[in-house]
Amino acid sequence: STKIANNESVRLASFMAQTAFFSYGFKSYWRARGAKTCPYCLELNGKAIKSGQNFFNGGEEIQPKGAERPMLIGGIVTHPPLHQGCDCYISA
C-alpha cells in the first residue's frame, strides 16, 4: 500500500543519512517537523545518539505531556519513523 511505501522510504532515507553521519564521526539528532507533529515525536525532538546507541531498545513506553496514553515501543529505534505517518527526520 501507499502508506507502507511512504513509511519504508522514510526509513531508508533516515538509515542512509545516519550511516553517513556516523561514518564521519557525527552524532545523529532526531528532528520533528510539521504543523501537526505528535507529542511522542516532539518529546524526541533534539535528542541525539552516537554510533552504537539507540533512541529506544524495545519494550519501553513513552508518554510525553499532551499524549492521551503511553506508546509502547516494540523494537529497537535508531532513527525515524517512530510510527505510521511520522513526519520526523534525522540530522547531524
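Biologist: What makes arginine 11 and glutamate 8 a salt bridge?

Modeller: The closest N and O atoms of arginine 11 and glutamate 8 are 3.4 Å apart. A salt bridge is a side-chain nitrogen of Lys or Arg within 4 Å of a carboxyl oxygen of Asp or Glu, so this pair qualifies at 3.4 Å. A search of the whole structure finds one salt bridge. Before we go on, this is a predicted model, where local features need pLDDT of at least 70, side-chain atom pairs count only at pLDDT 80 or more, and totals for chains, interfaces and linings use all residues. Residues are numbered from 1 along each chain as its sequence is written, and side-chain values use heavy atoms, with hydrogens and water left out.

Biologist: Where do arginine 11 and glutamate 8 lie?

Modeller: Both are in helix H1, residues 2-23, and three residues separate them, about one turn of the helix. Helices are DSSP runs of H or I with at least four residues, strands are runs of E with at least two, and both are numbered from the N terminus. An α-helix has 3.6 residues a turn, so residues three or four places apart point the same way.

Biologist: Why is arginine 11 called partly exposed?

Modeller: Buried means under 20% relative accessible area, exposed means over 50%, and partly exposed is in between, with a 1.4 Å probe and protein chains only. Arginine 11 has 31% relative accessibility, so it counts as partly exposed.

Biologist: What makes up the nonpolar surface patch?

Modeller: Leu12, Phe15 and Met16 make this patch of about 330 Å². Patch residues have over 30% relative accessible area and no salt bridge; like charges are joined within 9 Å, and nonpolar side chains (Val, Leu, Ile, Met, Phe, Trp, Tyr) within 5 Å. The areas come from the Shrake-Rupley method with a 1.4 Å probe, and for residues only the protein chains shown count as cover.

Biologist: Why is tyrosine 40 called buried?

Modeller: Tyrosine 40 has 14% relative accessibility, and so it counts as buried. It is found in helix H2, residues 39-44. Leaving aside neighbours within four places in sequence, tyrosine 40 is in contact with Ile62, Pro64, Ala67, Arg69, Pro70, Met71 and Leu82; contact means heavy atoms within 4.5 Å.

Biologist: Why is glutamate 61 called exposed?

Modeller: Glutamate 61 has a relative accessible area of 57%, so it is exposed. Its place is in strand S3. Not counting residues up to four places away in sequence, glutamate 61 touches Pro70, Met71 and Leu72.

Biologist: What makes glutamate 68 exposed?

Modeller: Its relative accessibility is 74%, so glutamate 68 counts as exposed. The loop between strand S3 (60-62) and strand S4 (71-73) holds glutamate 68. Glutamate 68 and proline 39 are 29 residues apart in sequence, and their C-alpha atoms are 9.4 Å apart in space.

Biologist: Which peptide bond is cis?

Modeller: The bond from proline 80 to proline 81 is cis, with omega near 5 degrees. Proline 81 sits in the loop between S4 and S5.
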